[in-house]
Amino acid sequence: MKGRVLFFSLLQDITGCQELAVDDAPATVHALLEESIYPRWPALREWRGSMLLALDHEYIRADAPLRPGFELALMPPVQGG
C-alpha cells in the first residue's frame, strides 16, 4: 500500500527530510514505525512515547490501520513558551 510520512519540527532535523514516500506499507501505523521508520532513523525511537501521530489530518494512536494513499504526520509534543 502506498502513502507518505511527513516529519515536523525537531523530527525533520533528525531525519533530514520533510517527507518520505512509502510504496509497500504494512497494515498499521505501529508496524510502519517499527519496520520502516525506526530502523532507518533509530534516534526517533526516543520520541516513541511522546510523539504525536496524525493520520489523514486526525490524531490517532499507533494501533490505527493504514489506508491506501495515507498521509501520516509525525510531530514532537506541543511545547509552550
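This is a predicted model: local features need pLDDT of at least 70, side-chain atom pairs count only at pLDDT 80 or more; totals for chains, interfaces and linings use all residues.
Five strands make up an open sheet, and the order across it is β2-β1-β5-β3-β4, with mixed pairing. Which strands stand at the edges? They are β2 and β4, and each has a single partner strand, so one side of each is left without a neighbour in the sheet. As a reminder for anyone new to this, strands of a sheet pair through backbone hydrogen bonds, either parallel or antiparallel.

Now let's walk through some of the pairings. Strand β1, residues 3–7, pairs with β2 in the antiparallel sense, over four bridges. If you want a spot to look at, find Gly-3, which stands opposite Val-22 in β2. Moving across, β3 and β5 also run antiparallel, joined by four bridges. There, Leu-53 stands opposite Leu-74 in β5. Then comes strand β4, residues 58–59, which is antiparallel to β3 and joined to it by two bridges. In that pairing, Ala-54 stands opposite Tyr-59 in β4.

Let me stay with β3 and β4 for a moment. They form a hairpin with two residues between them, and Asp-56 in the turn has a positive phi of about 50 degrees. His-57 is in the loop between β3 and β4 too. Its phi is also positive, at about 75 degrees, although His-57 is not a glycine. Is His-57 buried or exposed? With 72% relative accessibility, His-57 counts as exposed. Elsewhere, Ser-9 is another residue other than glycine with a positive phi, near 55 degrees. You will find Ser-9 in the loop between β1 and α1, and at 47% relative accessibility Ser-9 counts as partly exposed.

Next, the helix α2. Helix α2 packs on the sheet and touches β1, β2, β3 and β5, and its direction makes about 60 degrees with that of β5. A quick check on its length: at 1.5 Å a residue, the 12 residues of α2 should span 16 Å, and the end C-alpha atoms are 15 Å apart, which agrees. Which residues of α2 are buried? They are Val-29, Ala-31, Leu-32, Leu-33, Ile-37 and Tyr-38. The cover over these buried residues includes β1, β2, β3 and β5.

Take Ile-37 as an example: leaving aside neighbours within four places in sequence, Ile-37 is in contact with Val-5, Phe-7, Leu-20, Leu-32, Leu-44 and Leu-74.

Phe-7 deserves a stop of its own. Phe-7 is buried, with a relative accessible area of 0%. How many aromatic pairs does the count give? The count comes to one aromatic pair. The rings of Phe-7 and Trp-41 have centres 5.2 Å apart and planes at 75 degrees, so the pair is edge-to-face. The pair links distant parts of the chain, since Phe-7 sits in strand β1 and Trp-41 in the loop between α2 and β3, 34 residues apart. Trp-41, at 11% relative accessibility, counts as buried.

Where is Ile-60 found? Ile-60 is in the loop between β4 and β5, and is partly exposed, with a relative accessible area of 22%. The cut-off for buried is under 20% relative accessible area. Not counting residues up to four places away in sequence, Ile-60 touches Val-29, Leu-53, Ala-54, Leu-55 and Leu-72. Finally, the C-alpha atoms of Ile-60 and Ala-43 are separated by 22 Å, and these two residues are 17 residues apart along the chain.

How values were computed:
Residues are numbered from 1 along each chain as its sequence is written. Side-chain values use heavy atoms; hydrogens and water are left out. Two strands pair if DSSP finds at least two bridges between them. Contact means heavy atoms within 4.5 Å. Rings of Phe, Tyr and Trp (its six-membered ring) pair if their centres lie within 6.5 Å; planes under 30 degrees apart count as stacked, over 60 as edge-to-face and the rest as tilted. Buried means under 20% relative accessible area, exposed over 50%, partly exposed in between (1.4 Å probe, protein chains only). Axes are lines fitted to C-alpha atoms, for helices over the stretch in contact, and angles run from 0 to 180 degrees between N-to-C directions. The expected span of a helix is 1.5 Å times one less than its number of residues.
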